[in-house]
Amino acid sequence: MSEPSTVTPTRRSRRSRSAGDRPGFLVRALRVVERIGNLLPHPFWLFIILAVVVVVLSAILEALGVGAENPADGEQIAVQSLLTPEGFQRMVTDAVENFVTFPPLGLIITVMLGVAVAEGSGLISAAIRVVVSRVSRRWLTFTVALAGVTGSVASDAIYVILIPLAAAAFKASGRSAVLGAVVAFGSASAGYNASLLITASDPLLAGISTSAAQLIDPDHVVSPVANYFFSAASAVVLALVVTLVTELLLVRMTERMKHEEDATGGAATAVLAAGRDLDDGGRGEAITDEVSLLTYTRREVAALRASLLALAGFLAVYFSLLLLPGSPFQAESGDVLDSPLLTDIAVPIALAFLAVGITYGVAAGTITRPRDIPELMGRSIKELSGVVVLFFAAAQFIAYFSWSNIGMVLAIEGAHLLERLDLPVVVMFAGVVLLVALFNLTITSGSAQYTLMAPVLVPMLMLVGTSPEVTQMLFRIGDSPTNIISPMSPYFALVLGYLQRYYPKAGIGTLVSLTLPVSVALLCAWFLFFVLWWALGIPLGPGVPVR
């Protein structure tokens, strides 16, 4: 009798361990998403393939007599074949014009010239280090979350800066370093499309929206600050949501990991305290690991103060030119909202970053010669090379889509379908957000995804009374939150590496279990916040009504 009682539990335990080793349903589902996503070609080739598809499809649809009646003027719009001698000639003769007049191209390059100086001078990195290092433990989670959401101003560099910094700061305060890395990753990635500041994505998305909107209204221009009011308010709301999810759920989930993390807390804590008064004479000597992440010099702090004064001076000049009578930047209509300082705000944005970046660099000693400034600008152009290549293919695809009238016909028929369904506006908005969120699991590049979706979504919703600015904001809400659970994101592997540094047992399942609550909470809370904003009728941005 004793032998069976000994053998049976052993077999059960083996079966139990075997079952426990198998990944859960969510992890298996994400691996399927990863495999599907890996089958997709590079976005450049994706746009080239789609452009070829449009050319072939245009010939088929013209032969079938496909068309639609424009509800604006009753004119019949028919699909035009591009598979003709005239079509091929136009593809060659207009290729350069399609590229250089692609609205996002000039906007993103202009803004990044200023952002590059602010980033290359060390301003953004120093500001984040000083803020995170000085904040009390009580406010640490919210501060990291708000820095992550707003840190999208540094584009993808925010991941490299904030994730290790947050892990070190949490460890120094006696909390889990894994938790700090997850908070930084969740807020920076899932909250990427919200910010207290104007970011490079604002003019980028506005340019794509403008191209799509002009399929319906050739005079419609979407401003880079079209979503600013809502985006800035969203930054605070999303940081609060990340904080609540962290403190109410993730703290308990990471408690067991904390005991197994590398024992580096003592050194980091000591440096955190010493960092407040550290002065190396401005030499900026390198210290490794958590030590270098949590230290800053008095010269850096003084340079930050100088850059704040420069920003205040710039804003004083900007608003004086915008508001004072007799300003050379007043619009002919006399309306402030028509001033080129607002309608073409990409240049003022670039100049603002340039002013604070130069001021910080000179004060901190990172900019010592005039030639350093154009060199930093040139570095940003190098980093944008991939985007520029992508834009060439995207510009051709959008041009073919416009020439063929396929986009217009799809938008009109889609609008008719929405009218027949007679969906409540909020339900329609929710459908758009969910559609974007699902697409984002496999196409994690926001610009590539929006370039694909905007030519249909924007005109279609315009025809049922939804402005391009609202559609753009709905895209932004759906685009960000699922970034942190998509294995196709290049930073998914990055943050997993940081987790394994502190918790060697961490795997994809560990990361997903920690990021999924953040993703779902941000998606739901952000959409509900938009519905409230829309119901109250608060403008999305300067001169941009929400309905």
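Q: What makes the crossing of α3 and α19 left-handed or right-handed in this predicted model?
A: A crossing is left-handed if the near helix is turned anticlockwise from the far one by less than a right angle. In this predicted model, α3 passes α19 in a left-handed crossing.

Q: Which residues make the contact of α3 with α19?
A: From α3 come Pro43, Phe44, Phe47, Ile48, Leu50, Ala51, Val54, Val55 and Ser58. From α19 come Val389, Leu390, Ala393, Ala394, Phe397, Tyr400, Phe401 and Ser404. These residues divide into 15 nonpolar, two polar and no charged.

Q: Why are α3 and α19 called roughly parallel to each other?
A: The axes of helix α3 (residues 43–63) and helix α19 (residues 385–404) cross at roughly 15°. Angles under 35 degrees count as roughly parallel, and α3 and α19 are therefore described in that way.

Q: Why is Thr451 called buried?
A: Buried means under 20% relative accessible area. Thr451 has a value of 2%, and is therefore buried. Thr451 lies in helix α22 (residues 446–462). Leaving aside neighbours within four places in sequence, Thr451 is in contact with Phe47, Ile208, Ala394, Phe397 and Ile398.

Q: Which residues have the most contacts inside the largest nonpolar core?
A: They are Phe230, Leu499, Phe530 and Leu540, in a core of 96 residues. Helix α25 (residues 508–536) gives the largest share of this core, 13 residues. Beyond neighbours within four places in sequence, the contacts of Phe530 include Phe230 and Leu540. A second, separate core has 60 residues, among them Val54 and Leu61.

Technical notes:
Residues numbered from 1 in each chain as written. Predicted model: local features only at pLDDT ≥ 70, side-chain atom pairs only at ≥ 80, totals over all residues. Heavy atoms only, no water. Axes fitted to C-alpha atoms, helices over the stretch in contact; angles between N-to-C directions. Helix = DSSP H or I, 4+ residues; strand = E, 2+ residues; numbered from the N terminus. Parallel < 35°, antiparallel > 145°, perpendicular 65-115°, else oblique. Contact = heavy atoms within 4.5 Å. Nonpolar A, V, L, I, M, F, W, Y, C, P; charged D, E, K, R; others polar. Core = buried A, V, L, I, M, F, W, Y, C linked by side-chain atoms within 4.5 Å. Buried < 20%, exposed > 50% of the residue type's maximum accessible area, 1.4 Å probe, protein only.
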